[in-house]
Structure formats: structure tokens, C-alpha cells
Amino acid sequence: MLIDSDRDIDHRVAFSSALPHGRSAMLPPVARRISTIVRLNDCCLLRQGRRWASGAPPWRPAAILDEWVQREARPISLRQLTFFGRTLTENRLLSSANYVRTELPTRLAHRLRDMQTLPYVVVTNPHMSHVYELYYKAFETLRRVREINTVDDNDRYCKIITETLQEHLTVIPKLAMGVIECQGLMRPEETDRFMNILLRSRISRRVIAEQHLALTETFHSPWHFPDAKQPQDPNADFVGDVFLRCNAKEVVEECSQRARTLAKEAFGSACKLPKVELQGHLKATFPYILSHLQYIVGELLRNSIEAVVEKWGNLAEHPAPVEVLICEAPQHVIIRISDQGGGIPKDILPNLWSFGKGPRSHIHLENFVRVPKMAATMQELKPSPTSPNGIAADANDWRRPVDGSLSSLTYRPPDLRLGMGLPMSRVYAEYWAGSLELHSLEGYGVDAFLTISKLGNKNEQLSTRASMDAV
């Protein structure tokens, strides 16, 4: 049952409470019990809505937002992202800046409209209201930026982008806590659809923003100038944040080492860990945003290694290995990760891809309180050496903070299970027109299939058209 507003609750409570006792007594026993349950549930929801009402977003005129919602976002592909940076000139840098300048407020406007169409009692949740206010502040700031015509204009714009990215590091934990607290106020499938759209849009904004910051950093780098003593870019395989020769084998090896380190911390140094065995097309390369792939593969390997350890314990000298098969097809690269960790428990399997529903959601809610900031994945923010909060020490320095986004895999404590690793991994896989599927064999293990578009010519997968019927 969807709750649209406190007014609806008041009407139902008033109607059900107004039934004369004589009339109520004449109802059949089942009807009397249903009437009592309805009154109790509605009163409970009413109290919850009023408890959250103090955090409700303030009213704002809708005309400006309506204007931006009518605009269509312009999806971009990995190939297009690399176009701006292959032979980076001032004109191309400014073209990139103006593309980002129009895209960010457009994409934010659609997500604001999506949030406006949620049931009112959901929007008044303090966590959801916090996200709404952050988005609206960013929208108002970014939509006012004028056309960028000079490099100095671009540098000032990069400073605005950097500050916005830093402010939004609280969005994912706040969204997750809000969704968990709002269980029962929306249908689970609607909640998951809302989270998928918001997270996919969030990834898209960070991708184009961080790509432009990286291009600006390259433009100002010593090797970029014609008379540079070191004309060769030491990061020539990167165009901005896009890695042109992403090697699946190297990513799996790096992620497996990190996953094993985490498992040692969780289960003790004496624990027998499974080996990660690779086979298949080990030389397969493709253009990709490296940190996206590292996150997906890292989460899958971490789950597999921990499942094998929990099943086998110290019963075997050599636990069953985690097998990784890399398959290169003409248009795709497929990575299969297989383990013998006993499969996924029955109580978790139905809600495997859900963001807010599941038998352990209360534990996840408690854990999110321990993670105040996250970048665009489930990574915790690592502080920059230059400052204690991860922001560059110079307030006028627009350069990206160290590890401010997806530059490394998560090092959250092993016991900090948040319940969003797989749903987030699927969002990242589908963002560049790929896929992530899991097949669980109860009592044996799990096969995970990650499919990646190899050519880099697929546009980012966006859901942009928000309804004009805002509440």
C-alpha cells in the first residue's frame, strides 16, 4: 500500500474511528479484526510521517525545474569520452567543459523530479530529505554557471565541480539508510527501481565530471606543453579516467590479492584461503574505466573467497579454488567466477538484487551508521595526504582529491557488511551496456557471469525521462 500524504492517513483514520460501536459490533468477526488492524497501521504510519515531517524539504517554485526536466540528457560512450583527450587542445577542453556544464544540471533535474514523485512520507525521511537538499543545492549552483569561454573560466568551473563531488560523498549511505527505514511505505520493486535510477544517474554524473577534471589536469601537466622536456605522457594508456588497454587478467590478479588480504584480516592469519585460478583468454584487453571493473570483480572475488572459507574452515589443507575463466568474443569479454562456497542461503536468494529488502536489513542499517562517506561505489573515502578530510589543502586548487572516488577498491572492515555490493555491481556492469548474472547451486557454490562490452562504442545506459506529475 502506498501512502501519499498524511492527509490520506487522517481521512482513513477519521473514517474508521468514526464507526459507531454499535455498527462495528454488527460486523462479522473477520471484518472487525481487519478494521482494527487498518486503524492501528494507519495510526502508526501517521505518527512516523509526523515524526519525520520536521525534516521535510522546503517548498520551492517548480517553473525552473520544469524547464530543465524537459531537456533530454545526451548519453556518451567510452569512445566519445576518449575523443576529447586523444589530442587535447584548448578548444576541445572548452567543448568538454560546456558539455558537462549543461549535462550535470539536466541529469540532476530529472532525479529531483523522481524524488518529488515519491510518497510524501518517504521524502520526509531525514536521510532522503538530506539527499534531496544536496541535489537541489547542486542543481541551483550548476545551472547558474555561464558559458565557459576561457581556460580560466574552466579552472573556476572545475573548482565548483570538485566541491560538489566532495559534498555528495554522503549520498549513498544516506540513500541506503533512507530506503531501509522506509520499508513498507513503498513496494519493494518500486524502491529498487528508484535506487537503480538514482545510482545509475549518479555514476553518470561522476563519470563525466571526473573525466573532465582529469582532462583539465592533463591539459595543465608539464608533458602537455609543446616545449616540454618530457613530451611523453607517463599515463599514455589513459585518456582522462578511461583506460584504453584494460587487461582482465591483471585486474583479477590485483583484486584477488586484495580480497585475500581482507579475508586474512577477517578470519586470522592461520586461516587457509582458496587459490584464485585463471584460465581462458588471458591477453584480452578493452577500453574501460578501470575503477569500475575493479569494484565489480573485487566484490565478486571477495564474496567467493569468504564463502569458501566459511564453508571449508580448516577442514581441508587446500580449500577448493576459486576459478576465473576469461572469454573474449568479437564484441564482448565475459568473466566467469566460480566457487565452491556452498551457494547462496535460501533466505537471501529472493532479495539478492534488492537494495532495501532482506532478512538482514537491520544489520545493514546499523553498519551504514559507521560509514559516513562513500564515493561513487561502496568504497570508503581515503583521506588525502594533504588534508585530514580528503580535500586538497589549497581551497583554490580544483584538482581531484586523492582517492576521492573510484581509484582503489574498498578497504572497509571485513565485518562491515552493507548488503549493497551485488546490487551496486550490477548497476556498474549495466551502465556501459554490460550485464551481471549469478547462478547459485545450493550446497555446492555460485557461478557469476560478468559481461563487458569490448568495443567501447555503447552509450551509457541512462533513465532520464522523469514524470511531469510531481506531487
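# Reading a predicted chain

Me: Where do I start, and how much of the protein chain is buried?
Reply: Buried residues make up 51% of the 471 residues in the protein chain. Buried means under 20% relative accessible area, exposed means over 50%, and partly exposed lies in between (1.4 Å probe, protein chains only). This is a predicted model: local features need pLDDT of at least 70, side-chain atom pairs count only at pLDDT 80 or more, and totals for chains, interfaces and linings use all residues. Residues are numbered from 1 along each chain as its sequence is written, and side-chain values use heavy atoms, with hydrogens and water left out.

Me: How many helices and strands does the protein chain have?
Reply: The secondary structure comes to 15 helices and eight strands. Helices (H or I, at least four residues) and strands (E, at least two) are DSSP runs, numbered from the N terminus.

Me: Which residues of helix 10 are buried?
Reply: They are V171, I172, P173, L175, A176, M177, G178, V179 and I180. Helix 10 spans residues 171–181, and nine of its 11 residues are buried, so the rest of the structure largely encloses it.

Me: How do I describe two packed helices?
Reply: Use the angle between their axes and the distance between the axes. Here, the axes of helix 6 (residues 90–116) and helix 9 (residues 151–167) come within 10 Å and cross at roughly 40°. That makes helix 6 oblique to helix 9. Axes are lines fitted to C-alpha atoms, for helices over the stretch in contact, and angles run from 0 to 180 degrees between N-to-C directions. Angles under 35 degrees count as roughly parallel, over 145 as roughly antiparallel, 65 to 115 as roughly perpendicular and the rest as oblique.

Me: Which residues make the contact between helix 6 and helix 9?
Reply: Helix 6 supplies E90, L93, L94, A97, V100, R101 and L104. Helix 9 supplies V151, N154, Y157 and I161. Contact means heavy atoms within 4.5 Å. By class, this contact has eight nonpolar, one polar and two charged residues. Ala, Val, Leu, Ile, Met, Phe, Trp, Tyr, Cys and Pro count as nonpolar, Asp, Glu, Lys and Arg as charged, and the others, Gly among them, as polar.

Me: How do I read a sheet?
Reply: Strands of a sheet pair through backbone hydrogen bonds, either parallel or antiparallel. Two strands pair if DSSP finds at least two bridges between them. In this model, three strands form an open sheet in the order 1-2-4, with antiparallel pairing. Strand 1 (238–239) and strand 4 (285–289) stand at the edges with a single partner strand each, so one side of each has no neighbour in the sheet. Four bridges join strand 2 (residues 242–247) to strand 4.

Me: Is strand 8 mostly covered or uncovered?
Reply: Mostly covered: seven of the nine residues in strand 8 (residues 445–453) are buried. Strand 6 (residues 332–339) pairs with strand 8 in the antiparallel sense over eight bridges. Strand 7 (residues 435–441) is joined to strand 8 by seven bridges, also antiparallel. Strand 7 and strand 8 form a hairpin with three residues between them, and G443 in the turn has a positive phi of about 85°.
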